[in-house]
Each structure stands twice: as C-alpha cells, then as structure tokens.
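Q: Please show me the model. I will then ask what stands behind each label.

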Amino acid sequence: MRLALYQPDIPQNAGTLLRLAACLGVAVDIIEPAGFPVSDRAFRRAGLDYLDHVEIVRHVSFAAFEQARQAAGARLVLLTTRGAVAYVDAAFRADDVLMLGRESAGVPDAVHAAADLRVVVPIRAELRSLNVAVAGAIALGEALRQTAGFPSRRSPP
Ligand SMILES: C[S@@+](CC[C@H](N)C(=O)[O-])C[C@H]1O[C@@H](n2cnc3c(N)ncnc32)[C@H](O)[C@@H]1O
C-alpha cells in the first residue's frame, strides 16, 4: 500500500500525511509540481521529525509517476468527492496506490480517467469536502484493515 499526493499545495497537510504514512508503514509518492518545496531539507526545516521513518518518492510529473506505477503493476485508487464507490464498499489490494488530489483543485480530468478505481468518503450533501489528510487517513485505515496491512502492535517508546 502506498499514498500518492498529487501536486500538494498546503505543507501542513503534506506533513500530516507523511507522519500518517510513517506511523502506518506505507511509502509516499509526491507528484510535482507542489505548491511548496518538497525536498527532505525543506521538510526537516518545517520540523517534520518523522522523515527518517517514511519512504518518499518524488516524481517530476504525473506521466513519470504513471510510468513507475504501471511498471510495478499497482492499481491507482483515486480518492475523490466524485467517486463512484464508497470507501467501505471498495475492495482494496495490498499493493494499491491511494491518490489524494490537491487541496485547491483536486485532480484534472485526465488523472481522474487514469484511475482504476474512484473512491469517495461519503459526507453530507450540502458540504464540499473533507480536509485532504483526513480523507487520506479514513481511506488508508480501511485499506489497511482489509488487507491486514497494519503494523504489529508494540509498547510505545
Ligand atoms: C480539499 S479536497 C479538493 C477539493 C477540490 N475543490 C475538488 O473539487 O476536488 C482535496 C482532496 O481530498 C480528498 N477528499 C476530500 N474529501 C473527500 C471525500 N469526501 N472523499 C474522497 N476524497 C476526498 C480528495 O483526494 C481531494 O482531491
């Protein structure tokens, strides 16, 4: 299981998702351009102290990301408010890539069309969307539950 952040534009949300990924043991793809610097140095300067515990792969474009994903034979599961399937009804696979759109604009139609599965976290009809990190946490939790992918429990340090 991996998370993919499509052109993230709010560093605090990316930081929250990177920490989530570190804690749950999933790698993160960052698809550039982002709205802020996404180098290790920039993340460290922003105080992300979980950086050493998460594998981050940066892609210069969606096309470059797609090349790597398709070579790995992984499905692209897009989290989107326009999703056809509620996340609890989706059948996740252990090697899925869960993609989150950018905070300001989601993903373009071409990315939407490239997804193998489009998943929604159902929310009240009169409200627009969840925070991207919250949507990611909800869906990743379900995906790991289904695929027995949670890390084993241990005592806190
Ligand atoms: C703030 S939302 C983007 C809103 C944007 N204006 C749009 O129309 O897509 C940022 C990202 O969070 C995720 N997201 C937010 N709410 C969601 C929901 N209810 N179901 C699935 N994904 C959601 C999606 O990946 C979305 O692209």
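Q: How do the residues lining the largest cavity divide by type?
A: Seven are nonpolar, two polar and one charged. Ala, Val, Leu, Ile, Met, Phe, Trp, Tyr, Cys and Pro count as nonpolar; Asp, Glu, Lys and Arg count as charged; the others, Gly among them, count as polar. The model is a predicted one: local features need pLDDT of at least 70, side-chain atom pairs count only at pLDDT 80 or more, and totals for chains, interfaces and linings use all residues. Residues are numbered from 1 along each chain as its sequence is written, and side-chain values use heavy atoms, leaving out hydrogens and water.

Q: What makes a space a cavity, and what makes it a pocket?
A: Both are sets of points on a 1 Å grid over the protein atoms alone. In a cavity a 1.4 Å probe fits but cannot get out. A pocket is an open set with protein on both sides within 12 Å along at least five of seven lines. Lining residues have an atom within 4 Å of a point.

Q: How many cavities of 30 Å³ or more does the structure hold?
A: One. The largest cavity has a volume of about 40 Å³. Volume here is the space filled by probe spheres set on the grid points, which are joined across faces, edges and corners.

Q: Which residues line the largest cavity?
A: Leu 5, Tyr 6, Pro 8, Asn 13, Ala 14, Leu 17, Leu 100, Gly 101, Glu 103 and Val 132. β1 (2-6) and α1 (11-24) each supply at least two of the lining residues. The largest share, three residues, comes from α1. Helices (H or I, at least four residues) and strands (E, at least two) are DSSP runs, numbered from the N terminus.

Q: What is known of the largest pocket?
A: About 530 Å³ of space lies in it. Its lining has 24 residues, and Leu 79, Thr 80, Thr 81, Gly 106 and Ser 129 lie nearest the centre. By type, 12 are nonpolar, eight polar and four charged. β4, β7 and α5 each supply at least two lining residues.

Q: Why does His 59 count as buried?
A: Its relative accessible area is 7%. Buried means under 20%, exposed over 50%, partly exposed in between (1.4 Å probe, protein chains only). At 7%, His 59 is therefore buried. His 59 is found in strand β3. Beyond residues up to four places away in sequence, His 59 touches Asp 29, Ile 30, Ile 31, Glu 32, Ala 64, Phe 65 and Ala 68. Contact means heavy atoms within 4.5 Å.

Q: What makes a set of residues a nonpolar core?
A: Its members are buried Ala, Val, Leu, Ile, Met, Phe, Trp, Tyr and Cys residues, joined through side-chain atoms within 4.5 Å. The largest such core has 37 residues, of which Leu 3, Leu 17, Val 28, Phe 43, Leu 98, Leu 100 and Leu 140 touch the most other members. β1, α1, β2 (27-31), β4 (76-79), β6 (97-100), β7 (117-120) and α5 (132-146) give two or more residues to this core. Apart from it lies another core of 13 residues, among them Tyr 6, Ala 74, Leu 76 and Val 107.

Q: Why are β3 and β5 at the edges of the sheet?
A: The open sheet of seven strands runs β3-β2-β1-β6-β4-β7-β5, with parallel pairing. β3 (56-59) and β5 (85-86) each have a single partner strand, so one side of each is left without a neighbour in the sheet. Two strands pair if DSSP finds at least two bridges between them. β1 and β2 pair in the parallel sense over five bridges. Across that pairing, Leu 5 stands opposite Ile 30, and Leu 3 opposite Val 28.

Q: How do you know that β2 is largely enclosed?
A: Five of its five residues are buried, so the rest of the structure largely encloses β2. Ala 27, Asp 29 and Ile 31 lie on one side, Val 28 and Ile 30 on the other, and both faces are covered.

Q: What sets the backbone at Gln 7 and Ala 148 apart?
A: Most residues other than glycine have a negative phi, and most peptide bonds are trans. Gln 7 has a positive phi of about 40 degrees, and Ala 148 one of about 55 degrees. Gln 7 sits in the loop between β1 and α1; Ala 148 lies in the segment after α5. Gln 7 is buried at 15% relative accessibility, whereas Ala 148 is exposed at 71%.

Q: What kind of peptide bond joins Glu 32 and Pro 33?
A: A cis one, with omega about 10 degrees. Pro 33 is in the loop between β2 and α2 (40-45).
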